[in-house]
Amino acid sequence: MTREAGRGGTPEERAVLLVAGAADLAVSAIGSALGAARGLLRRSDAAELAAEAEHELMARGRLVLDRYAAPPPAHLELLARHAVARRAADDG
């Protein structure tokens, strides 16, 4: 597998190259993250940073849930639907 990346090859060779590249990228990212974590642990304000990070993650979580969770229907809308259904049942 000494071919250049832009050239064809069998699908198996391409898959192996993609997996190897992704694994290398993941290892590199983990190494960088560990280095950053070591740097953060050496700081004197690590507890404050952790509390701030927790607050930020919770805020992000709220935003995600607000974005993707369907809001409940409005109370008056539910009452109106029930009234329409009752009228339809009474007329039927």
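Which pattern does the protein chain follow when read along the sequence? The protein chain follows the pattern α-α-α, and its secondary structure amounts to three helices and zero strands; helices (H or I, at least four residues) and strands (E, at least two) are DSSP runs, numbered from the N terminus. The radius of gyration of the protein chain is 28 Å, well over the 12 Å that the globule rule gives for 92 residues, so the chain is more spread out than a compact globule. That radius is taken over C-alpha atoms, and the globule rule is 2.2 Å times the number of residues to the power 0.38. The structure is a predicted model, in which local features need pLDDT of at least 70, side-chain atom pairs count only at pLDDT 80 or more, and totals for chains, interfaces and linings use all residues. Residues are numbered from 1 along each chain as its sequence is written, and side-chain values use heavy atoms, with hydrogens and water left out.

The C-alpha trace of the protein chain spans about 80 × 55 × 15 Å along its principal axes. Of its 92 residues, 0% count as buried, where buried means under 20% relative accessible area, exposed over 50%, and partly exposed in between (1.4 Å probe, protein chains only). The accessible surface comes to about 8500 Å², of which carbon and sulfur atoms contribute 62%; accessible areas come from the Shrake-Rupley method with a 1.4 Å probe, and for residues only the protein chains shown count as cover. The 12 positive and 13 negative charges of the protein chain have mean positions 3 Å apart. Lys and Arg count as positive and Asp and Glu as negative, while His and the chain ends are not counted; the place of a charge is taken as NZ of Lys, CZ of Arg, CG of Asp or CD of Glu.

Helix α1 comprises residues 11–41 and contains Ala-36. Ala-36 counts as partly exposed at 46% relative accessibility, Gly-21 at 39% and Gly-39 at 32%. The C-alpha atoms of Gly-39 and Leu-18, 21 residues apart along the chain, are separated by 32 Å. For Gly-21 and Ala-46, 25 residues apart along the chain, the C-alpha separation is 34 Å. Ala-36 and Ala-74 lie 38 residues apart in sequence and 46 Å apart in space, C-alpha to C-alpha.

Helix α3 (residues 75–91) has 17 residues, which at 1.5 Å a residue should span 24 Å; its end C-alpha atoms are 25 Å apart, in agreement. The expected span of a helix is 1.5 Å times one less than its number of residues. Of the 17 residues of α3, the number buried is zero, so this helix lies largely in the open.

A search of the whole structure finds one salt bridge, defined as a side-chain nitrogen of Lys or Arg within 4 Å of a carboxyl oxygen of Asp or Glu. Glu-77 forms a salt bridge with Arg-81, with the closest N and O atoms 3.2 Å apart. Both residues lie in helix α3, four residues apart, about one turn of the helix. Glu-77 counts as partly exposed, at 38% relative accessibility.
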